[in-house]
Amino acid sequence: MEVVIQLILLAVGFVLLVKGADWFVEGASGLAEKFGIPQLVIGLTIVAMGTSLPEAAVSVSAALKGSAEITIGNIVGSNIMNVLLILGLTSVITPIAVQKSTVKYEIPFVIAVSALLMGLGLTDNVVGMMDGILLWVLMICYLLYLLRMAKKGADLPGEAEAFENEQNAKEKMTVFKMLVFILAGGAMIVIGSDVAVDAATRLAHIFGMSERLIGLTIVAFGTSLPELVTSVTAAIKGKADIAVGNIVGSNIFNILFVVGTSALITPVAYVSAFTVDSIACIASAALLWVLVLGKQRLGRIGGACMLVGYAAYFVYLLR
């Protein structure tokens, strides 16, 4: 009976996280626009970070509760799942075009920051404050790069482009409604992360599983739901071209913004067991790069290879 209760609480936590992030981004982006901040800047900052808010809330909450294995497991697991499972599934539904800048700069960058996270963790088995500062500096550099690319007329990352189209189409909210969305969304994110981490930790104890495994699987899946829904829905509607930019950008923010912020708040332990998972994270991004290099397209065969890769990794986790 307790297992059922904890699973329900976990599901409730994820729903609060996803919906809270959606409301928070909608309110914050609307308020920013009200103060005259260009839609482009809003799309590249608030909205781009929005899909990483569930990961951020869960990771910070887990770190503060001393469940560091959920913090790192959530991020590494989400990034592997985003590439192998979500992009694999999306490209099997319909082939995906990939922007030249994504192939040339952004995928290599996500490989580099994934390797950096592993290096920082293995150096002293902790991602500390100085590491958090370094990750934040790199995040600011990445935001400046996105802004520069956008000003030069390059295509926007998936989330930013989707946001701009949505803003042009929908009615403007009142300031009061924006504030309600920000406050309610923020509260839902905090409560949802707290409930999800407690339920995940309890389930790990009940089943005798490590928090690492829970973080890499169940928690990672729950916090990746926004990317999954966005990418698969776009594929079904024939608008999957935003999927790769969305996923790559989300993975970069997961490492730089989420782990960086967590490390600034409290040191995050990095156990040696994460070495294989980190290598899998780097390899998944490298596989994506190889599959799209030269052709700027992720086809069905490539997507099937990625799904097989995730299945193999999942079997490794359950061994």
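**Helix packing and backbone**

Modeller: Bearing in mind that this is a predicted model, the crossing of α3 and α11 is right-handed.

Biologist: Which residues of α3 and α11 make the contact?

Modeller: On the α3 side the contact involves Glu55, Ala56, Ser59, Val60 and Leu64, while α11 contributes Asn254, Phe257, Val258, Ser262 and Ile265. Sorted by class, the contact of α3 with α11 has 6 nonpolar, 3 polar and 1 charged residues.

Biologist: And how do the axes of those two helices sit, at what angle do they cross?

Modeller: The axes of α3, which spans residues 53–64, and α11, which spans residues 242–265, come within 9 Å and cross at roughly 25°. Angles under 35 degrees count as roughly parallel, and α3 and α11 are therefore roughly parallel to each other.

Biologist: Switching to the backbone, which phi value does Asn125 have?

Modeller: Asn125 has a positive phi of about 60°, although it is not a glycine. For context, most residues other than glycine have a negative phi.

Biologist: Where is Asn125 found, then?

Modeller: Asn125 is in the loop between α5 (100–124) and β2 (126–127), and with 44% relative accessibility Asn125 counts as partly exposed.

Biologist: What about Gln296, what is its phi and where does it lie?

Modeller: Gln296, also a residue other than glycine, has a positive phi near 50°, and Gln296 lies in the loop between α12 (274–292) and β4 (297–298). Its relative accessibility is 33%, so Gln296 counts as partly exposed.

Notes
Residues are numbered from 1 along each chain as its sequence is written. This is a predicted model: local features need pLDDT of at least 70, side-chain atom pairs count only at pLDDT 80 or more; totals for chains, interfaces and linings use all residues. Side-chain values use heavy atoms; hydrogens and water are left out. Axes are lines fitted to C-alpha atoms, for helices over the stretch in contact, and angles run from 0 to 180 degrees between N-to-C directions. Helices (H or I, at least four residues) and strands (E, at least two) are DSSP runs, numbered from the N terminus. Angles under 35 degrees count as roughly parallel, over 145 as roughly antiparallel, 65 to 115 as roughly perpendicular and the rest as oblique. A crossing is left-handed if the near helix is turned anticlockwise from the far one by less than a right angle, and right-handed if clockwise. Contact means heavy atoms within 4.5 Å. Ala, Val, Leu, Ile, Met, Phe, Trp, Tyr, Cys and Pro count as nonpolar, Asp, Glu, Lys and Arg as charged, and the others, Gly among them, as polar. Buried means under 20% relative accessible area, exposed over 50%, partly exposed in between (1.4 Å probe, protein chains only).
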